[in-house]
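Student: I would like to go through this structure term by term. Please set each value against its definition.

Tutor: Good. Here it is.

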Amino acid sequence: MSVRIAISIGDIHGIGPEIVLKYVRDANLNEVTPIILGNAKVLNFYRINNKHDISFNEIESAHDVEEGVINLIEAYSNPASIEPGIISKKSGKYAMQAVEKGIDLCLSQQADALVTAPISKEAVNLAGYQIPGHTEFLAEKTDCSDFMMMLVHENLRVGLVTIHEPLASVPNLIDKNTLLYSLNLMNDSLKKDFQIESPKIAILGLNPHAGDGGYIGKEEIDIISPALEKAKENGINTLGPFSADAFFGGKTYEHFDAVLAMYHDQGLIPFKTISFGSGVNFTAGLPIIRTSPDHGTAFDIAGKNKADPSSFKEAMKLAQKLIENRKRSQSDAAQ
């Protein structure tokens, strides 16, 4: 029996619909039953525009899902117009309605996982959703207070202590308790979601050269190192703090199961450089499985049939693996 994965098509004016179509065109429907959450008018617009020979099983609810075909549930009404590359209030609203539908399907166990195509934070906020991104919205809607944005590419996993925060706010958001919370969450996810029995976690410093002995900032001495020692006492195998530039430049990450970065760009810039467009965004800690490609809406190429679906395909592949791993963890816990 194939796994059921809900797929939200993202911003209808971005590359989301295109990469979803390119995925399902090549998908092995014996392994995955896609439940696309979007709109037939939108998908047919991009299907015809990009000359895709794809048909959909249009259904009203997940109760009508059929295996071996591409299922489509209307998550919103027909848009008045479809304008690739244009940021709009309507496209932001549609994107979030699809995500909400996917969350509901996963929480009700009608879908095994949710994979989300890119949204535009600007469009979403124009639509009245005052959120910094998918991650925080997913946590809110699943009533989850313990969550982490984690980027995954093969054996490289990078988690973030702070996510979509202004850089000026980051130092004030990092304290010993926050770091312990992040290390515990990452350690638990590596065991449950990735089936790593004894994870080895590297933690990066906040300042250049990890503070250089206190001469370029003291957070490493006053906050990060004490948090590491406490984590070790709690049985977490963690080392650091490492200087971020040397850590990635010297490929030290290859000796660890995961890396904990202090802020968004510290983790994502090297990650995206290493992953070559095949990275996946995974939200650790949620009661549901959610992955997404590690790129944005790419409005500049939307509607031009130029979008590379590699990252989206990897997101689907990781979702399948996480479904399998979580089922194994639940089975082990029940014994």
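Student: How many salt bridges are there, and what makes a pair count as one?

Tutor: A salt bridge is a side-chain nitrogen of Lys or Arg within 4 Å of a carboxyl oxygen of Asp or Glu. By this rule the count is 10. Two ground rules come first. This is a predicted model, where local features need pLDDT of at least 70, side-chain atom pairs count only at pLDDT 80 or more, and totals for chains, interfaces and linings use all residues. Residues are numbered from 1 along each chain as its sequence is written, and side-chain values use heavy atoms, with hydrogens and water left out.

Student: Why are Arg 25 and Asp 26 called a salt bridge?

Tutor: Their side chains come to 3.3 Å, N to O. The limit is within 4 Å, so the pair qualifies.

Student: What separates Glu 314 and Lys 317 along the helix?

Tutor: About one helical turn, because they are three residues apart in helix 11, residues 310–334. Helices here are DSSP runs of H or I with at least four residues, strands are runs of E with at least two, and both are numbered from the N terminus. The side chains of Glu 314 and Lys 317 form a salt bridge at 3.4 Å, N to O. Glu 314 is partly exposed at 29%.

Student: What joins Arg 25, Asp 26 and Lys 313 into one network?

Tutor: Salt bridges that share partners.

Student: How do you know that Thr 162 is buried?

Tutor: Thr 162 has 5% relative accessibility, so Thr 162 falls in the buried class. Thr 162 lies in the loop between strand 7 (156–160) and helix 6 (170–173). Its contacts, meaning heavy atoms within 4.5 Å, include Val 170, Leu 173 and Tyr 263, with residues up to four places away in sequence not counted. The side chain of Thr 162 also reaches the backbone oxygen of Met 262 at 2.8 Å.

Student: What makes strands 8 and 9 a pair?

Tutor: Two strands pair if DSSP finds at least two bridges between them. Strand 8 (residues 200–204) and strand 9 (residues 237–242) have four and run parallel. Ile 201 stands opposite Thr 238 in strand 9.

Student: Why is the unit of strand 8, helix 8 and strand 9 called right-handed?

Tutor: Point the strands away from the viewer: a crossover is right-handed if the path from the first strand over the helix to the second runs clockwise. Strand 8, helix 8 (residues 219–233) and strand 9 make a right-handed β-α-β unit.

Student: What makes Phe 276 and Asp 212 worth a look?

Tutor: Most residues other than glycine have a negative phi, and most peptide bonds are trans. Phi of Phe 276 is near 55 degrees, a positive value, and phi of Asp 212 is near 50 degrees, also positive. Phe 276 sits in the loop between helix 10 and strand 11 and is exposed at 72%. Asp 212 sits in the loop between strand 8 and helix 8 and is partly exposed at 42%.

Student: Which peptide bond is cis?

Tutor: The bond from Gly 240 to Pro 241 is cis, with omega near -5 degrees. Pro 241 lies in strand 9.

Technical notes. Buried < 20%, exposed > 50% of the residue type's maximum accessible area, 1.4 Å probe, protein only. Polar contact = N/O pair within 3.5 Å; in protein donor to acceptor, adjacent residues only side chain to side chain.
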